[in-house]
Amino acid sequence: MFKLVIAAALTGLIPTATLAQKAPMTKASDLPPPPKAEQRPYSYERHGIRIEDPWAWLRDKDYPKVDDPDVLAYLKAENAYFEAAMKPHETLKEELFQEMKGRIKEDDASVPLKQGDYLYWSAFKKGTQYRDWYRKPVKGGPDQLIFSENKEAEGKDYFRLGAFAVSPDGRKLATLVDDDGSERFKLVVRDLASGKDLETVTEVGIGNPVWTADSTGLVFTEVNDQWRSYRARYHRLGADPAKAVTLYEEKADIAFSVGVDRSTDDSLIFISTGNNSSNEVRFVPADNPTAPLTLIRPRKPDVQYEVDAAHGKLWILTNDGHVNFRIASADPAKPADWAEVVGGSDRTYLRGITAHRDHLLITSRVDGLDQLFLRDYRSGAQERVPFAEASYSAGFAGNPEYAPASYRLSYSSMVTPATVYDYHPKDDRLEVRKVQEIPSGYDPSKYVTERMMIRARDGKSVPVSIVRLKDFKKDGSGKLFVYGYGAYGYAIPPSFSTNRLSLVDRGFAFAIAHIRGGDDLGYQWFLDGKLKARTNTFNDFVDVTRGLIAAGYARPGRVAAQGGSAGGELMGAAVNQAPELFGAVVADVPFVDVLNTMLDDTLPLTPGEWTEWGNPITDPEAFKLLKSYSPYDNVEAKAYPPMLITGGLNDPRVTYWEPAKWAAKLRATKTDDNLLLLKINMGAGHGGKSGRWNSLYEIAEAYTFVLTQIP
C-alpha cells in the first residue's frame, strides 16, 4: 500500500456586488475569420469500409516530436483566435480568477501524518504555485523542509511531482518529477540530512517507487516508447542505474501495464501486470527483492484482484465470483488457494481493502453511497464509520503505518467543505483534524444539494447529484451546468468544490450525472457502459439533461456541459446526438478520434484500451460500433452549440491531434455561427498547466466561456 499519498485540491465565494453583472455574449461574427485547416486527401480501408480523413496530416509524422511547420502554424493560429475571442472578457475572467483564488487559503497546510519517527506534511506559502514538504520528529524538534516543489519548479513552464517516498529508515527520499507534461518522470534519490541529490535512477519512471526493507534500494517501473509501463526494476543505491535488475517485464501482452506496491505490514513487494479488465500479481520479500517471484494466480479474462498482507496472510479483493467483488485470504505458501472472508453482494460494491494490524479497512459503496468499514480479524465483526449527511463522498486517506492508533479519513459533500478526520475505533469517535478554510467566506445555508433518479430511454434510473442556491426556481427560467465522465469505472463523487460556486452564485444549478461507464451503482454499472454497451453512457447523459430540463432546471439552450478526456468523448457524442439542448460545451483534452486511435497499436495506451472500447483491428463489429459513435467521424452539417475545446501538445493520453482534428472538421462542416474555440497548451500535457494558480486560471477561462455564451 502506498506510504505517502500526494493530494492537492484546488479549493476555492463571490462578492455579492458582482452577481448582477452579465457578460456580453460573443459570437463568431464578432471576430475575424477563424483558422481553417487545409483538407489534404487521405483515406484508408478496413473491413471493407473506406474512411476519408482529410485532416490526418495534423498528426506530425515524427510524433512524439512535433516540429512540422504546418501543424505548428495551425495550432498557433487557433491559439491566437482563442486569445482574440477571450480578450473582450478579460475583466470577467480576472474577476472569476480572483474570487476563486479568494476561496483558497494561500498559506494552507495538510494535517501532519505519522510515519516512523517523524510527522510529515505539505504546505503552500502565500503567493506560491506549488507545495513544500516538511517533517519533524514525533518526540519534538524543529520543522525540517525536505523538498520544495517551488524551488524545483523554478525556470520551468511545467512541473509535476508524481511520487514522494521516504525510505523506511527515514534518511532518504525518492521523488518522481515530470517537467514537460509527457508523464515520463525522473526518479531521483535525495539524502535528507544534507539535502543533496544522490543519484538519478531513471528518466522514464512512472507510478510509485517502493523502498526495500533495508532502505538500500528501490523497486520502480519504467515506460517504453509507447508510454506503456512495461517493466519493474530493482536498483541498489550506489550501483550503476543502467544495470538495474529487471524483476519483471511484460512481454506476453502489449495491452498489459506493470505496477509496483508494498504491503501495509511492509513484508512484501507486489508486482502487478494487467489491463482495465484483468490482471495478475506476484510478490517478493521486501528484504530480498531479487528473490524468485511468486505468482498468486495467473491472469484470466475479466478477472481482477488486488492484494495486501497482514498476520502472515494475503488479503485479496477480487471479482472472480461476484461482479461486485468479494474478499478472500490465502497462505503466502499456497497463494492460489483462496478462502472466502466476505462474500459478494448485489447491493454492496466492495471497492478496496487495506490490511492493518488491528483491522481490515474496507471501502465500499452501498446504493451508490460511500461506506467505510473496519473488520475485526478474529470475530469478523464489521464496524461502519458513521456519517450524518444523506449524500457525501468519503474515503480512507493516507494511513501509512501498519498499527496506527486511529485511521485518517477524508470527507465532503456538495455543500460541506472538505474535512479531514481521524477515526478512533476504541470509542467509535470521529475527531475533526481540519476543515477546509474559505477565506472569502462561505454560508452553507444559502445552498441546497439534491439527489435525483432520472429514467433513461432503456428504463434504467440514473443518479444525479445537484447543488443550487436555495432560492433557485425550477420554472425553466434558470441555468444548468451538467458535468459527466462515464468511463473506466471511475465515479465522479458528490464532493465539495469552491470553484463551482462561481457558477452557482450566478444562477446555475450544478449537476453531476452519474452515468453508466462509471461504477457509481456498482461494477455492473461500469460494465453497462463499455464495449458493446458504450452508447448507454452517451444516452444516459443526454437523457439526464432532458430530465433536468423537464424538471424545470432550465430550458433547452440554457444548459452548459463539461467533460474531459473520456468525458470529452462524452461531450462530442452528446452534441452529435442532441446539440439543441446545449448553450455552451467545454470539452477538455477530448478523446474524440476514437476509431483512428483504436486502430493504431503504436500509440500510447491503445492496446490497453481495447478492453474498454473494443479492438477494431481484428473485430469488424467493434470497428462498426466505434465508427457509429466516434465524435470526430460523426460530425454532420448541422448547427452545433458554442464549444471550447482544449488539448496539450505533450499529452501522452489523448494526443493533441484529436482535439485539433475535431475542431478543424467542425469548422468545415457545421452550419451555425456559434463560437468554436480551440486552445492547445504548447508546453503541457493531459492535466493542462501546472501550478495551483495556472490551473485555476484555466478554470476561470472555461467559466468565462460559459458565462459569455449563457449570460
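The model is predicted, so local features need pLDDT of at least 70 and side-chain atom pairs count only at pLDDT 80 or more, while totals for chains, interfaces and linings use all residues. Residues are numbered from 1 along each chain as its sequence is written, and side-chain values use heavy atoms, with hydrogens and water left out.

**Nonpolar core**
- The largest nonpolar core has 120 residues, and Phe541, Leu548 and Trp662 touch the most other members.
- Such a core is a set of buried Ala, Val, Leu, Ile, Met, Phe, Trp, Tyr and Cys residues joined through side-chain atoms within 4.5 Å.
- Buried means under 20% relative accessible area, exposed over 50%, and partly exposed in between (1.4 Å probe, protein chains only).
- Leaving aside residues up to four places away in sequence, Trp662 touches Gly572, Val575, Ala587, Pro590, Val592, Pro631, Tyr632, Val635, Met643 and Ile645; contact means heavy atoms within 4.5 Å.

**Aromatic rings**
- The structure holds 30 aromatic pairs.
- In one of them, Tyr485 and Tyr490 have ring centres 5.8 Å apart and planes at 90°, so this pair is edge-to-face.
- Rings of Phe, Tyr and Trp (its six-membered ring) pair if their centres lie within 6.5 Å, with planes under 30 degrees apart counted as stacked, over 60 as edge-to-face and the rest as tilted.
- Tyr485 is buried at 14% relative accessibility, whereas Tyr490 is partly exposed at 47%.
- One aromatic cluster is made up of Phe325, Tyr349, Tyr523 and Phe526.

**Charges over rings**
- Arg297 lies over the face of Trp338, 3.6 Å from the ring centre, and the charged end of Arg516 sits over the ring of Trp525, 5.7 Å from its centre.
- The criterion is NZ of Lys or CZ of Arg within 6 Å of the ring centre and within 35 degrees of the ring normal.

**Cavities**
- A cavity is a set of points on a 1 Å grid over the protein atoms alone where a 1.4 Å probe fits but cannot get out, and lining residues have an atom within 4 Å of a point.
- The largest cavity holds about 90 Å³ of space, and its lining includes Arg365, Asp370, Arg451, His514 and Asp520.
- The second largest cavity holds about 40 Å³; among its lining residues are Tyr485, Tyr490, His514 and Asp520.

Methods:
1 Å grid on protein atoms, 1.4 Å probe; cavity = no way out; pocket = protein on both sides within 12 Å on 5 of 7 lines; lining within 4 Å. Points joined across faces, edges and corners; volume = space filled by probe spheres on them.
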